[in-house]
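Subject: Structure handover and notes

Hello,

Here is the structure for your files. My notes follow below it.

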Amino acid sequence: MPEKPGLTSSELGTLWLTYQQKTMILRMLEYFIEKADDEKAKNIMVDLYDEIDPYVEKIAVIFQNEGAAIPVGFTSEDVNKGVPKLYDNGFDIMFVRLITEISMGLHTLNITMASREDIVMIFKDLTAITQKYYNACTQYLIEKGMHARPPYVSMPKKVEFITDTSYLRGWLNPFSRKRTMNTVEVANMFHAIETNIMGLKFITGFAQCANTPEVKKYFTKGGEIAKSIIKELNEVFLEDGVQAPVVSGGNPTRSTVAPFSDKMMMYCTSLFCSFAIGGNSLGTAFSLRNDLAPKTAAFIKDIFEYAHEGAKIMIRNGWMEEQPPMEEREKLI
């Protein structure tokens, strides 16, 4: 028996995706650290950089030892630290909070697709790191008054069971009253609004500075999709008398000079689209009111089509690195 088994296809694929994501995060952190005016924010980002950087090297060493090509990912050519600030103070930590939120989910899922102990430990370590910095970013934003908390609610005093199917009622009977959203539905809707507000901020900045007209147009379209989702979900909240989130600060500046390559901004947008599809899928699954699930399902369709359009742009421009393929048996035969 070999001392250490070779990489499975799942382990190769998840490590490859992690390498892409982490090299993107490192390049973006390099820019945000350079432009940080707040010492506490800068320290959070520097510490995060120092903790995840060694894992990029660990993954590269594993690929090398297994005889696999080391991915290109994102390099110093994809970031320009010498340009003006693209976003106001606060955006950097908002961005780090969102990217660590995405990372937590990805690493936890990746652990379930790995069996080799050293690979499991990489994802376990990365999960702990991202959890730590997600909390650090949240507490920083609370301290600075930039974090929108979900609405408070009166605590339930007794356990109730649903006894009438009218609980599921939404739009199917226009003459019947909808019930107010429950706290699980509010949680998912609130999260969707919050992430789309953040997405609108970053993609507006990307649209301002993108170098390729096709990419600039694509980012502008993404901003319109985010606005429509925010508007529609805000209306649901208002109908139920629930306070929608308001996130202050972290807005794009007037700068039109790109700190990041179009390739990296497109990849970042693709990553956020994947996260949005997953988040909306969760919201769809846990919404019992029958007018809410169709809304989130429609968002998934719009985001998927938008992401697919982005993939075509990346392919046309030679920006999409191919994921490790399986053997094409028919060609080999």
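Contact here means heavy atoms within 4.5 Å. Two points on sourcing. This is a predicted model, so local features need pLDDT of at least 70 and side-chain atom pairs count only at pLDDT 80 or more, while totals for chains, interfaces and linings use all residues. Residues are numbered from 1 along each chain as its sequence is written, and side-chain values use heavy atoms, with hydrogens and water left out.

Leu98 and α3

Leu98 lies in helix α3. Helices are DSSP runs of H or I with at least four residues, strands are runs of E with at least two, and both are numbered from the N terminus. Beyond its neighbours within four places in sequence, Leu98 is in contact with Thr195, Met198, Phe272 and Phe275. Leu98 is buried, at 6% relative accessible area. The cut-offs: buried is under 20% relative accessible area, exposed is over 50%, and partly exposed is in between, with a 1.4 Å probe and protein chains only. Asn182 is 84 residues from Leu98 along the chain, and their C-alpha atoms are separated by 25 Å.

Cavities

Rolling a probe the size of a water molecule over the atoms shows where empty space is left. The grid is 1 Å, over the protein atoms alone. A cavity is a set of points where a 1.4 Å probe fits but cannot get out; a pocket is an open set with protein on both sides within 12 Å along at least five of seven lines; lining residues have an atom within 4 Å of a point. Points are joined across faces, edges and corners, and a volume is the space filled by probe spheres set on them.

The structure holds 5 cavities of 30 Å³ or more. Two or more lining residues come from each of α3 (91-111) and α5 (183-209). The lining divides into 8 nonpolar, 2 polar and 3 charged residues. Classes: Ala, Val, Leu, Ile, Met, Phe, Trp, Tyr, Cys and Pro are nonpolar; Asp, Glu, Lys and Arg are charged; the others, Gly among them, are polar.

The second largest cavity has about 130 Å³. Of its 16 lining residues, Lys35, Ala36, Lys85, Asn89 and Asp92 lie nearest the centre. α1 gives the most to this lining, with 3 residues. By class, the lining has 8 nonpolar, 2 polar and 6 charged residues.

Thr253

Lys85 turns up again here. Thr253 sits in the loop between α6 (213-239) and α7 (262-285). Its side chain reaches the backbone oxygen of Lys85 at 2.6 Å. Neighbours within four places in sequence aside, Thr253 is in contact with Lys85, Leu86, Tyr87, Asp88 and Gln208.

Helix α4

Gly145 follows α4, with a positive phi near 75°.

Second largest pocket

This pocket has a volume of about 230 Å³. Its lining includes Pro150, Tyr152, Asn182 and Val242. The lining residues divide into 8 nonpolar, 3 polar and no charged.

Best wishes

Conventions. Polar contact = N/O pair within 3.5 Å; in protein donor to acceptor, adjacent residues only side chain to side chain.
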